[in-house]
Amino acid sequence: EQPLLDIRALETQFFTDDGLARAVDGVSYSLAKGETVGVVGESGCGKSVTALSVLRLIPNPPGRIVGGEIVFEGTNLLDLSPAEMRRIRGNDISMIFQEPMTSLNPVFTIGNQIGEAVRLHQGLSTKEATNKAIEMLTLVGIPEPARRVHEYPHQLSGGMRQRAMIAMALSCNPKVLIADEPTTALDVTIEAQILDLMRNLQSELGTAVILITHDLGVVAEMARKVVVMYAGKVVEQAPVETIFAEPNHPYTQGLLNSLPNAELGAVSGGNKRRLQEIPGIVPSLLNLPQGCKFASRCPKAMAVCEEKEPPLEQVGADHLSACWLNH
Ligand code: SF4
Ligand code: MG
């Protein structure tokens, strides 16, 4: 079966004063209808830039998509006009962010913002749009929706705002929801509620989700397939059980090893599971090494690793990894 969304050899670059940054360097992954794909990696590895590229929201300049295809339902989104792309963003693919205040407009009421989104795209009257907004706020579990619909973003708590943003993103009934660190700013209790909400909505509405996170605990709970990114590339991809049981790439192994005390964190409340730093730093995208991008931090690095970049290749059923140890 054809995937719903197929990202193929995507390359997105930023032309900066200090040089060329290859933020996304040949990334491929796909999303089936109704599926959740978790995209993990430390910050700056290209997870968000890949997502923004899918929506064609890369600021140009300094950014540019210079290669690859983004095939959604058989159409390469990179071939669409800006107007056609706006339709896709309003109807088929929507995105939620870590900080709702960046996508909620402070000067409009919640109802106004959700209502406007559906009014524009579904041609509803103002009254119908307000009713739709109330319906969406109810769906995402906001209490007293008929009152809240007239409130402004600053009048809601952080968890409420996140729910309102999810309501806004889902109001157009998208086929794909891209969630970029949707719960990172929330405490663990609210995080659990929001993840529950996303799971329920997904099974009710059949929305496919790209979940971007640095938190492997979140991935374990939500995703079916996991894509691990490092320095602008996919270094490993596998079903979630495989990633946890038989991680192949030393970077993935490092991420898993740095995942202790998940329960302790939950018990102490507010102390969230974070990827502890794997020793060493992510190489600058402006000055990437020619071999394996992880070589400077890899406990298993060999001479070949510094010379040649390992290709992403099959290492098991539905399992891809890019490491010379497999040769
Ligand atoms: Fe480590 Fe070499 Fe594998 Fe890169 S290719 S992850 S440096 S062993
Ligand atoms: Mg990010």
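**Notes on a predicted model**

Biologist: Which helix is glutamate 84 in?
Modeller: Glutamate 84 belongs to helix α2 (residues 82–91). Helices (H or I, at least four residues) and strands (E, at least two) are DSSP runs numbered from the N terminus. This is a predicted model, where local features need pLDDT of at least 70 and side-chain atom pairs count only at pLDDT 80 or more, while totals for chains, interfaces and linings use all residues. Residues are numbered from 1 along each chain as its sequence is written, with chains lettered from A and ligands numbered from 1 in the order in which they are written.

Biologist: Is glutamate 84 buried or exposed, and why?
Modeller: Glutamate 84 is exposed, because it has 12 other C-beta atoms within 10 Å.

Biologist: How far is it from isoleucine 65?
Modeller: Glutamate 84 is 17 Å from isoleucine 65, C-alpha to C-alpha, and 19 residues away in sequence.

Biologist: New topic, the open sheet. What's the strand order?
Modeller: The eight strands go β6-β7-β8-β3-β9-β10-β12-β11, with mixed pairing. Two strands pair if DSSP finds at least two bridges between them.

Biologist: Which strands are at the edges?
Modeller: β6 (93–96) and β11 (313–316), each pairing on one side only.

Biologist: What about the faces of β6, covered or open?
Modeller: Both are covered: Ile93 and Met95 are buried on one side, Ser94 and Ile96 on the other. In a regular strand, side chains alternate between the two faces of the sheet.

Biologist: How do β6 and β7 run?
Modeller: Parallel, joined by four bridges, and isoleucine 93 faces valine 176 in β7.

Biologist: And β9 with β10?
Modeller: That pair is antiparallel, over six bridges. Valine 227 stands opposite glutamine 237 in β10.

Biologist: Which strands does α10 lie across?
Modeller: α10 lies across β3, β9 and β10, at about 105° to β9. Axes here are lines fitted to C-alpha atoms, for helices over the stretch in contact (C-beta atoms, placed from the backbone, within 7 Å), and angles run from 0 to 180 degrees between N-to-C directions.

Biologist: Which residues of α10 are buried?
Modeller: Pro250, Tyr251, Thr252, Gly254 and Leu255. Their cover includes α8 (216–222) and α9 (240–245).

Biologist: Last one: which residues come nearest to ligand 1?
Modeller: Of the 14 around ligand 1, those are Cys292, Cys298, Ala301, Cys305 and Cys323. A residue is near a molecule if its C-beta atom, placed from the backbone, lies within 6 Å of it.

Terms used: Buried ≥ 20, exposed ≤ 12 C-beta atoms within 10 Å, placed from the backbone. Contact = placed C-beta atoms within 7 Å.
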